[in-house]
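Biologist: Hello! Could you show me the structure and take me through how its labels are decided?

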Amino acid sequence: MNASLAAAAAGFGTGLSLIVAIGAQNAFVLRQGVRRDAVLAVVGICAVSDAVLIALGVGGMGAIVITYPEVLTAVGWIGGAFLLAYGAFAARRVFRPAGALRAEGEAAGSRKRAVLTCLAMTWLNPHVYLDTVFLLGSVAAGQGSLRWTFGIGAALASLCWFAALGFGSRLLSRFLAKPAAWRVLDGLVAATMVAMGGMLIAGS
């Protein structure tokens, strides 16, 4: 294995290890994939956003994260409040399935809503900056002249993961044909969002 391929593989593995962890963004992509609602747009936003953040980290922008911690604090409060609100709506669907079904019907094909929600979950989460800009950027710096190859590998891992999660989750559709199954999924989404939102605010 030549040096470039080894650096790309290291970036792919490192990036994948950071992305696969269960979080608000993954839960949202999973739900959109199961609903088959604006999946391409959501997957594209997640993958492109990660690529941009990884590029910033590889380019040395991680120093800003350390120099201006108050920025991450503000992002944490805003992002935490957003996730708590989204979790509350998901919990409402659990306890009011009839209303939720009507809401789903009204929201079907709402690309704008899905895009805005995805952007918020991606860019209002300070952990994203710490993982991609700071952590991946720091690891990439150790690759020397091959740091950009490492970054490409990490960005490719992000693309592969979100594409698999978004488009592969439709395989779960047959298991979610009953309203009770959707209530379980919404319950998991609500718990994830509330937990992540609470941690963001507590850590800010």
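Modeller: Let's begin with Val128, which lies in helix 8 (residues 126-141); helices are DSSP runs of H or I with at least four residues, numbered from the N terminus. This is a predicted model, where local features need pLDDT of at least 70, side-chain atom pairs count only at pLDDT 80 or more, and totals for chains, interfaces and linings use all residues. Residues are numbered from 1 along each chain as its sequence is written, and side-chain values use heavy atoms, with hydrogens and water left out.

Biologist: Why is Val128 called buried?

Modeller: Buried means under 20% relative accessible area, exposed over 50%, and partly exposed in between (1.4 Å probe, protein chains only). Val128 has 11%, so it counts as buried.

Biologist: Which residues is Val128 in contact with, leaving aside its neighbours within four places in sequence?

Modeller: They are Leu53, Thr122 and Val133, where contact means heavy atoms within 4.5 Å.

Biologist: How do you know that Cys46 is in no disulfide?

Modeller: A disulfide is a pair of cysteine sulfur atoms within 2.5 Å. A search of the whole structure finds zero of them. For Cys46, the nearest cysteine sulfur belongs to Cys118 and is 3.5 Å away. Cys46 is also buried, because its relative accessibility is 0%.

Biologist: And what makes Arg36 exposed?

Modeller: Its relative accessibility is 52%, so Arg36 counts as exposed. Arg36 sits in the loop between helix 2 (24-35) and helix 3 (39-58).

Biologist: Where is Ala38, and is it buried or exposed?

Modeller: Ala38 lies in the loop between helix 2 and helix 3. With 13% relative accessibility, Ala38 counts as buried.

Key
Helices (H or I, at least four residues) and strands (E, at least two) are DSSP runs, numbered from the N terminus.
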